[in-house]
Amino acid sequence: MKVQVIGGFLGAGKTTAMRALARHLTERGERVLLVTNDQGRGLVDTALCERTVPGGVREIVGGCFCCRYDQLEATVVRAAEAGATVALLEAVGSCTDLVATVLAPLADRHPGRLSVLPLAVVVDPFRVAEVAAGSVPSEVAYLFYKQIEEADVVLLSRADLSPPDVSAAIRAIRPDLAVVPVSGLTGAGIDRWLSARPARPAPPLLIDYDRYAAAEALLGWLNARVTLRAETPFMPARVMEDFLRILSSEPVAHVKLTGSGPDGGGAALLRRGGEPMLDESPHAAPVCEAQWIVNARVALPPAELEARLRDALGRAAHPARVEWDELSCFQPARPVPTHRYAFRCGSGDDASCCAAFYERPDVRYLLGESLHPGGVELTLQMAGRLALHEGRRVLDVACGNGRSLRAILSRWPVRGVGLDASARPLHEDRLTLCQGDAHAVPFEEADFDAVLCECALSTFFDQPGALAEMRRVLRPGGRLAVSDMVVEGPIPEALRDYVHAGTCLQRALSADGYRRALRDAGLPVTEEWDATDALHELIGRIKRNLVGAALAAASGGQPLGGKFDVKAARDLLREAERAVRAGAVQYRVLIAERPA
């Protein structure tokens, strides 16, 4: 199932664009799921979406997608199992950091089931000018720009209203994203949206969660149902318009109303000083009673927001009586993501998220030449157990830059082949590197006398499948050497935000778990040893490189990039060292053999 996540600021036009896309996809025969999201209950957006895809709408309420990730994942997976072919997920308008907390986990945890499309962020061109002019608080501007910074595709909404051309301002924030003008009302630009791709996928944000939380806390949120009753008939559209005009002088992010029935009409106010936008039902007529859903996001304390909305609606509806029900008014809590990945994976054809992680310049700087614990010394120890003789063929699965194979070839007169998701093809004397997937090794049965897999099995999403492939290409009597992270017990809480495939911990097994996995793959373990000393050495190496980075930064250099937080890295490294000393995280080598 394809998954399209849609972000963008409050009032940008996300729901209108999503409904237009849903109609377009439905006409093409797709089975579409729409998922709305809000901090509270009683959503105008959900009611509108139900009119577009009856029965195909789900709500995630009580928090943003990142904080309700488990519920979101379960909703999407159930829909895929029920036959939906496309899921459109509309994030809360005050939400950002979606790549790290939503897209990367969905892609990583369900690589065979979900195809996560580029992140689309809807941007109101009129809002761009407002933010650039300093008309919003600095915290809100920070959130607004972060949403654009992490976009793969920016959808410039309201193309039917002749908006200002802000493409240059958008690309000044991120030059390599795709920018597509769209209109949810006319459907203009929807086809271009579906085919738009950035020059490169946006990486996870470098974001200050204190500033992010402060921006959300500036807004008061109100959701409610209201009933208007009058002795003489009134026009609902007129009351809606008057209500929004009274509020137009307030610091509005958006105020939305919709009738609770299928023909109830609707209206919205999208910024301070803006004009009310009416969506009057074609069957609108004077009535003596109307029921509406009201959602307001305004930069006011909750109590003040509630008082002003009650007063404004009372004045607009007079002499009708206004009854408020299911009213909730609050400020959002600080976002606490369920997952937060430090890199992006699963962009469509990744064989392993690990490849993306190790390509990061900061990771390469901190790890040095060796990308796994123990370095070449441990590699040679492992290779010494593989019965290598002249002319034998060795396969290194997840070989990286081929450093391990070169070390083996310098010691033994063998031929080496390296396979890696990010390898650059290379053919040298006795050494070949090729790009490929550990889950579909591109070689014949029994093609190799020995197989090596260093600190990589824990990053593969289908470990049994990868082991089965290694056994297939190993000749009977041939040996496999595996080194990897071992987790014995729960990961310390301080490290959990960083537990993902790139750190080799998310799918790391216990020592018993590796033995069982190898045995179940038809590769019984013949020898093993604890190599946790290699982790201590690796931590020491990173510490020294962090000191070098700090000294370089103090003298004006930036070996890790200007936004790298050396202090945060030190704190994380300290927690990792504690986990290793406590035995929760270990490193182990296992030698297995394919029976003759």
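1. A friendly start with the charges and rings: Arg-411 lies over the face of Trp-412, with 5.8 Å to the ring centre. As you look at this contact, please keep in mind that the model is predicted. A second case of this kind involves Arg-385, whose charged end sits over the ring of Trp-529 at 4.4 Å from the ring's centre.

2. Now to rings paired with rings. How many aromatic pairs does a search of the whole structure find? The search gives 5. One of them joins Phe-144 and Tyr-145 in an edge-to-face arrangement, 5.8 Å centre to centre and with 70° between the planes.

3. Another pair to look at is Tyr-209 with Tyr-212. The ring centres of these two tyrosines are 5.2 Å apart and their planes meet at 65°, so the pair is edge-to-face; the cut-off for that label is over 60 degrees. Both residues belong to helix H9, which spans residues 209-217, and they are 3 residues apart, about one turn of the helix.

4. Tyr-209 counts as buried because its relative accessibility is 15%, and buried means under 20%. Tyr-212 is also buried, with a relative accessible area of 1%.

5. The structure holds 2 cavities of 30 Å³ or more, and the largest cavity has a volume of about 130 Å³. Which of its 16 lining residues are the closest to the centre? They are Asn-37, Asp-38, Asp-45, His-254 and Lys-256.

6. Where does the lining of the largest cavity come from? At least two of its residues are supplied by each of these elements: strand E2 (32-38), helix H2 (44-52), strand E10 (252-259) and strand E13 (287-298). By residue class, the lining divides into 6 nonpolar, 4 polar and 6 charged residues. If you open the model at this site, Asp-38, Asp-45 and Lys-256 are among the residues closest to the cavity's centre, and Asp and Lys both count as charged.

Definitions and conventions:
Residues are numbered from 1 along each chain as its sequence is written. This is a predicted model: local features need pLDDT of at least 70, side-chain atom pairs count only at pLDDT 80 or more; totals for chains, interfaces and linings use all residues. Side-chain values use heavy atoms; hydrogens and water are left out. On a 1 Å grid over the protein atoms alone, a cavity is a set of points where a 1.4 Å probe fits but cannot get out, and a pocket is an open set with protein on both sides within 12 Å along at least five of seven lines; lining residues have an atom within 4 Å of a point. Grid points are joined across faces, edges and corners, and a volume is the space filled by probe spheres set on the points. Helices (H or I, at least four residues) and strands (E, at least two) are DSSP runs, numbered from the N terminus. Rings of Phe, Tyr and Trp (its six-membered ring) pair if their centres lie within 6.5 Å; planes under 30 degrees apart count as stacked, over 60 as edge-to-face and the rest as tilted. Buried means under 20% relative accessible area, exposed over 50%, partly exposed in between (1.4 Å probe, protein chains only). A charge sits over a ring if NZ of Lys or CZ of Arg is within 6 Å of the ring centre and within 35 degrees of the ring normal.
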